[in-house]
Amino acid sequence: MTTVETPTPREMTVIYSRADRIFRGIVTAGALTSLLLLGLIASFLIFRSAGTFREFGINFITGTEWFSDGFREVGDESRADNSVFSIGPMIVGSLVVATIAMLFAIPLSIGGALYIEFYAPRSIYRILVAMLDLAAAIPSLIFGLWGIEIFTSFGVRWATFLNDRLGFIPIFSVEFENFGRSPFVAGCVLASLVVPITTSVAREVYSRTPRDLIDTCYALGGSKWGAIRSVVMPYGRSGVIAGAMLGLGRALGETVAIYLMLNLVFTYSYEILDSTGGNVASMIALKFGEATDKEISALIASGLVLFVITLIVNMIASNIVQRTTPRA
Amino acid sequence: MTQRTMTMTTSDLSATNKLEDVQGDNSSFRGLETRAVHAWFGKHHALAGVSLRFPERTVTGLIGPSGCGKSTFIRLLNRMHEFIPSAAMAGSVLLNGSDIYDPSEDPAMIRLKVGMVFQKPNPFPAMTIRENVLAGIKLAHLKRDNHDDIVEQCLTRAGLWKEVKDRLDASGGSLSGGQQQRLCIARSLAVEPQVLLMDEPCSALDPGSTLRIEETIKELAEKITVIIVTHNMQQASRVSDYCAFFLTDGGPGYLVEADSTRKMFTNPSDPRTADYVQGKFG
Amino acid sequence: MSNVVQASDQVTIEPQRPWAVKRVVRATNAGRLALFAALAAGITLVSPLANADGWALAFLVVNLTWTIATAVRLGAKERRDAIVRVVVSSLAFLAFVPWLSIFISTALKGYKGLYPGYLFNDMRITSYDDELTFGGVGHAVVGSLIMVAIATILTLPLGILSGIYLTEVRGRLTFMVRFIVQSMAGVPSVVAGLFIFATVVQSMGRYSGLAGGIALAVLMLPTVSRTAEEVLKLVPDDLRSAGYALGARQWRTALMVVLPTVKAGLTTAAILGIARVIGETAPLLLTSLNTNGFMWNPIGGTLGSLPTYIFAMFMYGSEFSVARAWSGSVVLLSIVLFFFVLARRLGGRSEKRAKAGVGKAARTSVGTK
């Protein structure tokens, strides 16, 4: 009896020439710069905000007061520094405005993407796609300008209508009938800012639906809607969710458009038609102008909170994409 | 099996004369018929003047080298051709004597009557086996209440029932390639088509699965008309009652000859057919 | 053979499209929509609905009502299909209206302030609420271009390197780098500005165009990296294999075969990156601020830019300054549009070239058989 020996697999090592090693080194170094940069941003934000977190602790996240006790010389101990910094309403406000924006943006984006891919006449298809890409490049500042100068009158009318008819629901009630610069109106503008981004992602995903699956639906006597519902939508679902998360990240981090559209007030408010709101990013821009050193540190801490929130949203998005992208 | 095909071929031939004889009276003709059909993609003339008859309950194999317009032709038969933006056609396609390209015809209804199985098995990924079989009924909003019977019946006819009856709620993607293709056939059968078009249904499958599908096709022909595009000569000779040979000389594809399979493979009237079926070119 | 119809025997046959929507039907549809529009306008006048949004709502309701009413005679499938068509079109309409409104209102509100000297003058001797025939946006355009140039110089090499890393070197950190690039794309612009303020501005002791440029670079890097990766992925593996099969080293293959194929694509990547960051406002509010005069020195103190110009003009709040903000927006949108069109033209060409490359590779492989 002889035993058949399993041969040991032979190692195949790749030895790169010196030129190749240098090339790979340079390229790797270049690629790692972004890694380094992100690490630098993160560690820097943590380092500079440590003082704020040490002083205010969890209260920085939950508290409702932002008070800067003025400038003082370094080492000036003549009076106590009574500054209090906390951003609870701003965090909640960011979430509220972003939620309103996404509630409008998601159906509009899906409708827009389906229209471009499946309903639009072929003659205007290319124009619509180009317009969509261009719209995604409109600076948010111009969205803000448009929002305050053009859209507000419409938004206020809608808000008045909602308040008239549905005012008995707590979130639609208001203290004063002043609907401009409310989270609702700001959320609408933010929605129009997010729609191009989510629409172009959704359109891209829908356009990648395998043609033979759609053909099969038609071959079975299905209508266009049948094909969309049973093949296109399920196939594109994860991509659309990822696109929505991308839009949500953008909505949470948006600064100038919200800065122009919203009254920042340091109280918790759930009345979305009332002209009191909050937003971390715009608060940073607003308070930055005359900030003391200590306040800067608090602003950086706010930036860190915002950074962490958007990072989580983005990680969820890329996780969804990674998990569900069909392997080629 | 071959025996059965042969007998059927001769008997059918006497009844319908020759396949391409379209000059005759058609009022009594049951089945699918094309008259001088042309196809274009933009300026490109892909197919020219094809006139063929597909009698009821027969299998016709469309053979010919790549690029000669077989797939274009088959997609013309259930109005799938028009999904290509620049596509155009001429001529007419008659199903039981009525023109399917008539403006009053609803293309979705046509596709219900003329089903199609594609080259690559493509069960709907988000659906279970059972849902896949019933997909057409749902898509076309057909009123059926014996869903379980339909699933069993269609899967049986497609030769898949025994293999999957215990896991109807598994995903369609969990099956092997050959099983997936038979699932696709079952899916097409569920809407009770009169004609089933198959565009190289076995080209992505292994020989074993191919044989199973060929058996399925022959069983299907007892009830419906099957038109199958194939590059495999043996397959054409095994499953089909009639064959139609397409060719292109660089210009649009055209029909060279159509006849009973036996004649096409033993004594074709055109020398090019003889060369092709003997594998001298293509 | 005799009874088989041959192509050559035929008189010329005209291609037809029996499935195409007839012109009459199309005209009827357009006429019906026009009628509905008029009807909606009528409803808007007599009902509490007012203005453009009221009209749009009335139009949609009329349209939907008609669809449902006429679809009653159809089967369930067709009815649902028709209703969905109206709903999807309406949603798309609502989605597209804001951008159209932005383009139109910017043009309408901005054209007043545009005069020949607008692009070449600055605001040094002009007050924000002077007549619109004085002053201009020249300094802001210059400042924006300086900062964008700095950002491009910094990000282009890094972006391309990381693209090459992801597609050519494919090292162990591929997943990590891709993930980081994706995360960086989500860094809020104000946070990037804050970071550069606390590092560059505070260590230099002054606001500057350089700081603004670096802040823009942080925002631009992920866009450029990702687009570069996408573009490099378009290069067919055949081309790389062809390079290796000729005995070329990896670096030679990458530099001589892969990169030249996608040169135009990489330019597109850079231009798209520029179009995206040139309108960024928040980071510049924290790093380069605003000035009223021409300024060419990127490290000599605050540097004006188009976004901060628009922002300052708008916040000033007088009639003429707000008009100036709109005129500045016209200029900014035009620049974005210019870069965008440029990118699309180059991109189209590069795609064609990549495809030609595929064809060439295929031909070569056939030839060598």
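Trainee: How far apart do the C-alpha centres of domain 1 and domain 2 of chain C lie?
Mentor: This is a predicted model, where local features need pLDDT of at least 70, side-chain atom pairs count only at pLDDT 80 or more, and totals for chains, interfaces and linings use all residues. Residues are numbered from 1 along each chain as its sequence is written, with chains lettered from A and ligands numbered from 1 in the order in which they are written. Chain C is divided into domain 1 (21-112) and domain 2 (138-368), with bounds from an automatic or database domain assignment. Their C-alpha centres lie apart by 39 Å.

Trainee: How many residues of domain 2 of chain C are in contact with domain 1 of chain C?
Mentor: Two residues are in contact if their C-beta atoms, placed from the backbone, lie within 7 Å. Six residues of domain 1 of chain C meet that test, and their partners in domain 2 of chain C number six.

Trainee: Which residues of helix 2 of chain C are buried?
Mentor: Helices are DSSP runs (H or I, at least four residues), numbered from the N terminus. Buried means 20 or more other C-beta atoms within 10 Å of the residue's own, with C-beta atoms placed from the backbone. In helix 2 of chain C, these are C:A58, C:F59 and C:N63.

Trainee: Where on helix 2 of chain C do its buried residues fall?
Mentor: Take the directions from the helix axis to the C-beta atoms. Seen down the axis of helix 2 of chain C, the buried residues fall within an arc of 130°, so they line one face.

Trainee: What covers the buried residues of helix 2 of chain C?
Mentor: Look within chain C. The cover includes helix 1 (23-46) and helix 3 (76-110).

Note on methods
A residue is buried if 20 or more other C-beta atoms lie within 10 Å of its own, exposed if 12 or fewer, and partly exposed in between; C-beta atoms are placed from the backbone. Helices (H or I, at least four residues) and strands (E, at least two) are DSSP runs, numbered from the N terminus.
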